[in-house]
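Please consult the sequence and structure shown here while reading.

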Amino acid sequence: MGELLPIIQLGDPILRQKATLVENVSDERIQKLIDDLMATVAQANGVGIAAPQVAQSYRLFIVASRPNPRYPNAPEMEPTAMINPKIIASSTEIVKGWEGCLSIPGIRGLVPRFQAIEVEYTDRNGKLQKQEFTDFVARIFQHEYDHLDGIVFLDKLESTLDMVTEQEYQKRVINNT
Ligand code: ZN
């Protein structure tokens, strides 16, 4: 099992850096980082976490969609490490949906994202994977992918009017869906 890592917060310059490619997936430190990220995202009720969020500026993230108190309607999937990910193609359709971020506690935003994407990444066994994601999982992928380029969801808002506090989100959005 992985160890819990501290999650850095907005304002830490590491979150704004472009992360570097992972050269050797089988490296012990990378494998341990994956285990630690999986443990950390589960404990924090996240649905995804990127390595830069634990101050490790590598192009690697975990997508771990599952219903939890922060995202009660999230679809269930096996937590997956995605290394050196790429978006190969995207839908013309853009959809707005609510996002939060473990590095930006207390704020939610209505973020426009591609409804569907075709992606490529290396898995933790070093195998190249090609997949298509839609809706919420596509949203998680795009959110985490942005972290690798130093971008956070606040940068993608169309308007600051699309931003609410966690408390109002819980009251108005979760309880009305
Ligand atoms: Zn985030």
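At 32% relative accessibility, Asp 35 counts as partly exposed; buried means under 20% relative accessible area, exposed over 50%, and partly exposed in between, with a 1.4 Å probe and protein chains only. The model is predicted, so local features need pLDDT of at least 70 and side-chain atom pairs count only at pLDDT 80 or more, while totals for chains, interfaces and linings use all residues. Residues are numbered from 1 along each chain as its sequence is written, and side-chain values use heavy atoms, with hydrogens and water left out.

**Salt bridges**

Asp 35 pairs with Arg 124 in a salt bridge whose closest N and O atoms are 3.0 Å apart; the term denotes a side-chain nitrogen of Lys or Arg within 4 Å of a carboxyl oxygen of Asp or Glu. This pair links distant parts of the chain, 89 residues apart: Asp 35 is in helix α1, and Arg 124 is in the loop between β6 and β7 (128–134). Helices (H or I, at least four residues) and strands (E, at least two) are DSSP runs, numbered from the N terminus. Arg 124 is partly exposed, with a relative accessible area of 25%.

| Pair | Closest N to O distance |
|---|---|
| Arg 124 and Asp 35 | 3.0 Å |
| Asp 155 and Arg 16 | 2.7 Å |

Asp 155 forms a salt bridge with Arg 16. Because Asp 155 lies in the loop between α2 and β8 (163–165) and Arg 16 in the segment before α1 (28–43), this pair ties together parts that are 139 residues apart in sequence. Asp 155 is partly exposed at 42% relative accessibility, and Arg 16 is partly exposed at 40%.

Arg 139 is in helix α2 and Glu 99 in strand β4, so the pair ties together parts that are 40 residues apart in sequence. Arg 139 is buried, with a relative accessible area of 7%, and Glu 99 is buried at 3%. Through shared partners, salt bridges join Glu 99, Arg 113, Arg 139, Asp 146 and Lys 156 into one network.

**Zinc site**

Cys 101 (SG), His 143 (NE2) and His 147 (NE2) coordinate the zinc ion at 2.1 to 2.3 Å. Donors are N, O and S atoms within 2.8 Å of the metal (3.2 Å for Na, K and Ca); water is not among the atoms, so sites may look incomplete. Along the chain, the donors follow the spacing C-x41-H-x3-H. Cys 101, in the loop between β4 (94–99) and β5 (107–114), and His 147, in helix α2 (residues 135–148), are 46 residues apart. Both Cys 101 and His 147 are buried.

**Nonpolar cores**

The largest nonpolar core has 18 residues, and Phe 61, Phe 133 and Phe 141 are among those with the most contacts inside it. Such a core is a set of buried Ala, Val, Leu, Ile, Met, Phe, Trp, Tyr and Cys residues joined through side-chain atoms within 4.5 Å. Its largest share, six residues, comes from α2. A second, separate core of 16 residues includes Val 22, Val 25, Leu 60 and Leu 102.
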